[in-house]
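Subject: A structure for you to look at

Hello,

I am passing on a structure that you have not seen before.

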Amino acid sequence: MSKRQTYSKQFKLDVIQQSYQRDNIRELADELGIDPGLIYTWRSKYKKEPQQAFPGKGIPSQTPEEKELAELKKELADVRMERDILKKAMGIFTKKNG
């Protein structure tokens, strides 16, 4: 089983810059030992969101607002679960005492 190759953000940015300066991306990919499709993927990601492209380690890039929203959704789910547990407990105790 082969290990998945990882590339640094700087390497990807350098490859993107070189790809715009070259006529043949396949030749560039062969020189660097990477798949040409990878270069096109990197270019499209960088073109879409240059500031948030290539966050590293497969971690999706999030704005501070998106991070806060994700935390609030998680907290809401926890609170709802606690509420449901308490409702069930109240139902059990009222049946025993009533």
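This is a predicted model: local features need pLDDT of at least 70, side-chain atom pairs count only at pLDDT 80 or more; totals for chains, interfaces and linings use all residues.

**Helix α1**

With 13 residues at 1.5 Å a residue, α1 should span 18 Å, and the 19 Å between its end C-alpha atoms agrees with that. Which residues of α1 are buried? They are K12, V15, I16 and S19. Looking down the axis of α1, you will see these buried residues within an arc of 100°, so they line one face of the helix. What they pack against is α2 (25–32) and α3.

Two packed helices are described by the angle between their axes and the distance between the axes. On the α1 side, the contact involves F11, K12, L13, V15, I16, S19 and Y20. Their partners in α3 are I39, W42, R43 and Y46. Sorted by class, the residues of this contact are eight nonpolar, one polar and two charged.

**Where α2 meets α3**

How do the axes of α2 and α3 cross, and at what angle? They come within 8 Å and cross at roughly 110°, which makes α2 roughly perpendicular to α3. From α2, the residues making the contact are I25, R26, L28 and A29. From α3, they are P36, I39, Y40 and R43. The contact of α2 with α3 has six nonpolar residues, two charged ones and no polar ones.

**Helix α3 itself**

The 13 residues of α3 should span 18 Å at 1.5 Å a residue; the end C-alpha atoms lie 19 Å apart, which agrees. Buried in α3 are P36, I39, W42 and R43. These cover an arc of only 120° around the axis, which puts them on the same side of α3. The buried residues of α3 pack against α1 and α2.

T41 lies in helix α3. Its relative accessible area is 34%, so T41 is partly exposed. In sequence, T41 and I16 are 25 residues apart, while their C-alpha atoms are 9.9 Å apart in space.

G37 also has its place in helix α3. Is G37 buried or partly exposed? With a relative accessibility of 31%, G37 counts as partly exposed. G37 and K87 are 50 residues apart along the chain, and 54 Å separates their C-alpha atoms.

For E75, turn to helix α4, which takes in residues 64–97. E75 has 49% relative accessibility and therefore counts as partly exposed, since exposed means over 50%. From E75 to Q62 there are 13 residues in sequence and 18 Å in space, C-alpha to C-alpha.

Happy viewing, and do write back with any questions.

Best wishes

How values were computed. Residues are numbered from 1 along each chain as its sequence is written. Side-chain values use heavy atoms; hydrogens and water are left out. Contact means heavy atoms within 4.5 Å. Helices (H or I, at least four residues) and strands (E, at least two) are DSSP runs, numbered from the N terminus. Ala, Val, Leu, Ile, Met, Phe, Trp, Tyr, Cys and Pro count as nonpolar, Asp, Glu, Lys and Arg as charged, and the others, Gly among them, as polar. The expected span of a helix is 1.5 Å times one less than its number of residues. Buried means under 20% relative accessible area, exposed over 50%, partly exposed in between (1.4 Å probe, protein chains only). The arc is that of the directions from the helix axis to the C-beta atoms. Axes are lines fitted to C-alpha atoms, for helices over the stretch in contact, and angles run from 0 to 180 degrees between N-to-C directions. Angles under 35 degrees count as roughly parallel, over 145 as roughly antiparallel, 65 to 115 as roughly perpendicular and the rest as oblique.
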